[in-house]
Amino acid sequence: MSYLADSPPLPPLSTLFPHLHSDASTLPASSDPFTITTKTGFLPCRPPMLRLPEAFDVLTEIVQDMSIVKHDGSPGLLATFSLGPLIDGGKLPDLTSHMDQLRTDSGSLDLESITAVFRDYSFLASAYVLEPCWESWSKNHDAGYGLGRALLPRCIAAPLVRAADILDIPPFMSYAASYALYNYSMVSPEVGPSVYENLRLIRAFERGLDPKSSEAGFILTHVHMVQETGPLIEGATSLLATIENNPTDIVSAVSAFHTMLDAMKAIEAHMEQMWTHSLPKDYISYRTFIFGITNQSMFPNGVIYEGTRYGDTKPLYFRGESGANDSIIPLLDHLLEVPMPNNPLTEILRDFRSYRPKPHRDFLAWVMSKSAEIGVRQYCSHPTGQSAAENLVLPTLYLKLLEHVRSFRWRHWLFAREYIIKRSTHPTATGGSPIVTWLPNQLFAVMDLMERVYQESGLKSVAESSGGIAGEVNVVKDIMDNVSDARDKLDKEVRKYCAERGA
């Protein structure tokens, strides 16, 4: 059943993603750590590597000594603004030549080791270029961040670029391969990441090595959310297979929706714990180290990566670490065919795609293409069942899943409002997007689609009929009433903050 009959069909899922249903423990070290399986979801398919190979011992020593408060509670290099002088004094040699020696027994590049090396170099790179900003901010909050370092020395830049080239990601700190998803360990590996108290950080900038700190809570809450994504991927691929191969099997389609709804319920429950795991008053402090270079006042002329293929005179601009690089909501955006407005804010959304691990990018691109090829939105919002009641089942489930997209983005907006907007006048988020208008751009798009589907599917007519409302239709009516209220509230808040900031 295709609504884009002229489009060439995509290769089978099993051909493109042969490990999707594999036991991750059987995958070789040469496989990308972010190879997706329906058990591990968007988390690394195996727990992140804790210890770098011996050739990188000096790097390990520096990043372990770097955080403002070290694991033993003593002050680290950033506490006394001494990281830069240490690096500039020659403490770290250029270890690029060792990168291509990181190989498995079969001779293939060891992507697990290379990802761990990338994580540590990206932590060091961010700390190095942003250390002056931390010094400026910590001495006088009102003075802002000042200027960062505009040159990343060869000893950091060259191996970072080499690792990034191998992994096919930008050579700067990222959400998945550095700061969050490849930055956790477990107290008891046999317990796994599903128990929040079992999670610990590997690297941190401020006090994150204390598991009770707000920095640890900020990162580990994301890990705790993402460990629920296996069923979400299972449900999404199941729905696509049903629509493509057996569109009359409404039972299987309904089952796929329930699998995704259950997953999103768990993900959002963990997301809500951010408020207690990571206090809003603490975020602005460690946030200093996760800014990027793009659209940031601290780097008006970018950063030169010395001794790399980019050259010693070309300034580079990379986006900073951002939860917007997570793959949960992009998966649902693509699956449900959520249309985004054609504007500069949406272009930022597209730009974020390149900062995800290659397996995530490939999978999300496939979902987007396959959903368009078979017409998921059309199938779900305009079904042709046996009866009027049956025709409302899929639109109801489709709207309920869209409501999770909306509520997830709404909660993200609340975080931005309470953790950042009310506590800082800095105009851009860590990823370089406008702090007030960017999230609402996507929120309004989801609510617009919900309104259209509610009307076009016939659900609105049934909900407003004089014959009364019962069951799931009543649930959907409550959802849509809330959407209307949320739209008005969001519009007023955005106008207020834009007026206050002259945005």
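Author: In this predicted model, a residue is called buried under 20% relative accessible area, exposed over 50%, and partly exposed in between.

Reader: Why does Asp168 count as partly exposed?

Author: The relative accessibility of Asp168 is 38%. Partly exposed is the class between the buried limit of 20% and the exposed limit of 50%, and Asp168 therefore counts as partly exposed.

Reader: What makes the contact of Arg361 with Asp168 a salt bridge?

Author: The closest N and O atoms of Arg361 and Asp168 are 2.9 Å apart, and the limit for a salt bridge is 4 Å. The pair links distant parts of the chain: Arg361 belongs to helix H14, and Asp168 to the loop between helix H5 and helix H6, 193 residues apart.

Reader: Which residue forms a salt bridge with Arg487, and why are both partners called partly exposed?

Author: The partner is Asp448, with the closest N and O atoms 2.7 Å apart. Arg487 in helix H19 and Asp448 in helix H17 are 39 residues apart. Arg487 has 21% relative accessibility and therefore counts as partly exposed; Asp448, with 32%, is partly exposed as well.

Reader: Why is Glu131 called buried?

Author: Its relative accessible area is 1%, and buried means under 20%, so Glu131 is buried. The side chain of Glu131 meets that of Arg149 in a salt bridge of 2.9 Å, N to O. Glu131 lies in helix H4, whereas Arg149 is in the loop between H4 and strand S1.

Reader: How many salt bridges does a search of the whole structure find?

Author: The search finds 30 salt bridges. Arg417, Glu418, Lys422 and Glu493 are linked in a network of such bridges.

Reader: What makes the aromatic pair of Trp134 and Trp137 stacked?

Author: A search of the whole structure finds 26 aromatic pairs. In the pair of Trp134 and Trp137, the distance is 6.0 Å centre to centre, with 25 degrees between the planes. Pairing requires centres within 6.5 Å, and planes under 30 degrees apart count as stacked. Both residues lie in helix H4, three residues apart, about one turn of the helix. Trp134 has 9% relative accessibility and so counts as buried; Trp137, at 11%, counts as buried also.

Reader: Why is the pair of Tyr305 and Phe318 edge-to-face?

Author: The ring centres are 5.7 Å apart and the planes stand at 65 degrees, so the pair of Tyr305 and Phe318 is edge-to-face; the cut-off for this class is over 60 degrees. Tyr305 is in strand S4, and Phe318 is in the loop between strand S5 and helix H12. Tyr305 is buried, with a relative accessible area of 1%, and Phe318 counts as buried at 9%.

Reader: How do you know that the span of helix H9 agrees with expectation?

Author: Helix H9 has 23 residues and should span 33 Å at 1.5 Å a residue. Its end C-alpha atoms are 33 Å apart, so the two values agree. The buried residues of H9 include Phe257, Met260 and Met271, and the elements that cover the buried residues of H9 include helix H7, helix H8 and H16.

Reader: Why is His412 called partly exposed?

Author: Its relative accessible area is 26%, and partly exposed begins where buried, under 20%, ends; His412 is therefore partly exposed. His412 lies in helix H16 and touches Met271, Ala324 and Leu439, not counting residues up to four places away in sequence. An unreviewed UniProt entry carries the annotation "binding site" for His412.

Conventions
Residues numbered from 1 in each chain as written. Predicted model: local features only at pLDDT ≥ 70, side-chain atom pairs only at ≥ 80, totals over all residues. Heavy atoms only, no water. UniProt positions renumbered as here; feature names shortened; annotations may be inferred. Helix = DSSP H or I, 4+ residues; strand = E, 2+ residues; numbered from the N terminus. Buried < 20%, exposed > 50% of the residue type's maximum accessible area, 1.4 Å probe, protein only. Contact = heavy atoms within 4.5 Å. Expected span 1.5 Å × (residues − 1).
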